Amino acid sequence: MTAASGQRLTQLDELVSLCASRGYIFPSSEIYGGINGFWDYGPLGVELKNNVKARWWQRVVRERADVVGMDSAIISHPRTWEASGHTEHFSDPMVDCRACKKRFRADQLDDIGPCSAREGSSEHDLTPPRNFNLMLETRIGASEDAAATAYLRPETCQPIFTGFKRIREAARQKIPFGIAQIGKAFRNEINPRNFTFRSREFEQAELEFFCHPDEREKWFEHWCEERMRFHRELGLGPDSLRTRAHGADELAHYCKIAVDIEYRFPFGWQEIEGIHDRGDWDLSRHSEYSGKDLGVSGEDQKQRFMPTVVETSVGIDRLCLALLANAYAVEELEGGDSRTVLHLHASIAPIQVAVLPLSKLR
Ligand SMILES: [Zn+2]
């Protein structure tokens, strides 16, 4: 039977329960009722995820002479996040209800439902909006003062920028070249939802490709094509995969052009990967904040310039979710029975070869 003969996934709930029962993905600390926005990968899930990461690393790093890898610490010097703008800008406007103590995003008040804690009214007693930073805070060492505050990284790319000079020199790379990293990132999402799609701890695979400003369009095109090819090769077809260019109002302030690669999930078209022209924002800011010049010399060794950056950033958990949703099919069997099958691409399937005893259908 082929995937086309099975019934496609329409409800995310069906995939959530299949993932739990087969040991792909289940709520973290499940015996305590789980913890919102955190998920554990079981025996099959971890194999799938590792295969996806290995394939990305193979394509983006190992098969190319112009990309090198790194594995940075999750915690960076706090100045990193001042330079990147996260300390100041990485926030959502939030309101609190004084009665039920719930917190809501100020731009999503239309669908928050009635208040359960007020007498004689179902309306929430809301505070004015204030900004709530999405970075997860932690403390370093025994000191209680503000200098001990650090953050779990909200994206994996900033250590690539702070390590740019060291890595370029150590790897003897010339512009254009890229630095890639796969690792955990953390965001204190107010409203984690859609299974692993929007969670508080997640894994990113990011490439920062440094090039001369004159070549930024060429490399942006190159990486858009490369990344779409990667997803197509994993079996994501044209009816469920598309690119969407950001409108001017959606672009981050440092970003010149951005394209999302979107998958058609049961809850709609959503981003699985972003490709961004970040300009020289990051290297310029880190030069300014650290006092170290991160510019490079041109071919003739005379003119110095700040490289411009094309970033590709894929959410590994989102990609795994898209691959699982894409593979899901319910097949009708003879005699009125049905079975649920995951038609995963052979290169990422958790089990690639198996010798199994004959057994009766249970
Ligand atoms: Zn309330």
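This is a predicted model: local features need pLDDT of at least 70, side-chain atom pairs count only at pLDDT 80 or more; totals for chains, interfaces and linings use all residues.
Good morning, everyone. If you follow the C-alpha trace along its principal axes, it spans about 80 × 60 × 45 Å.

Let me turn to the domains. The chain is divided into domain 1, made of 3–90 together with 139–328, and domain 2, which covers 91–133. Taken over C-alpha atoms, the centres of domain 1 and domain 2 are separated by 31 Å. Where the two touch, domain 1 contributes four residues to the contact and domain 2 contributes six, and on the domain 1 side of that contact we find two nonpolar residues, two polar residues and no charged ones.

Now, how do helix 2 and helix 9 pack against each other? Helix 2, residues 43–62, and helix 9, residues 316–327, pack at an angle of about 115°, and their axes lie 10 Å apart. Because angles from 65 to 115 degrees count as roughly perpendicular, helix 2 is described as roughly perpendicular to helix 9. The crossing in which helix 2 passes helix 9 is right-handed. On the helix 2 side, the residues that meet helix 9 are L48, K49, V52 and K53, and their counterparts in helix 9 are I316, L319 and C320. Sorted by class, this contact between helix 2 and helix 9 has five nonpolar residues, two charged residues and no polar ones.

I will finish with two details of the backbone. One is a cis peptide bond that joins I175 and P176, with omega at about 5°; P176 itself is found in the loop between helix 6, residues 164–170, and strand 9, residues 177–186. If you wish to find K101 in the model, please look in the loop between strand 4, residues 91–96, and strand 5, residues 103–105.

Methods. Residues are numbered from 1 along each chain as its sequence is written. Domain bounds come from an automatic or database domain assignment. Two residues are in contact if their C-beta atoms, placed from the backbone, lie within 7 Å. Ala, Val, Leu, Ile, Met, Phe, Trp, Tyr, Cys and Pro count as nonpolar, Asp, Glu, Lys and Arg as charged, and the others, Gly among them, as polar. Axes are lines fitted to C-alpha atoms, for helices over the stretch in contact, and angles run from 0 to 180 degrees between N-to-C directions. Helices (H or I, at least four residues) and strands (E, at least two) are DSSP runs, numbered from the N terminus. Angles under 35 degrees count as roughly parallel, over 145 as roughly antiparallel, 65 to 115 as roughly perpendicular and the rest as oblique. A crossing is left-handed if the near helix is turned anticlockwise from the far one by less than a right angle, and right-handed if clockwise.
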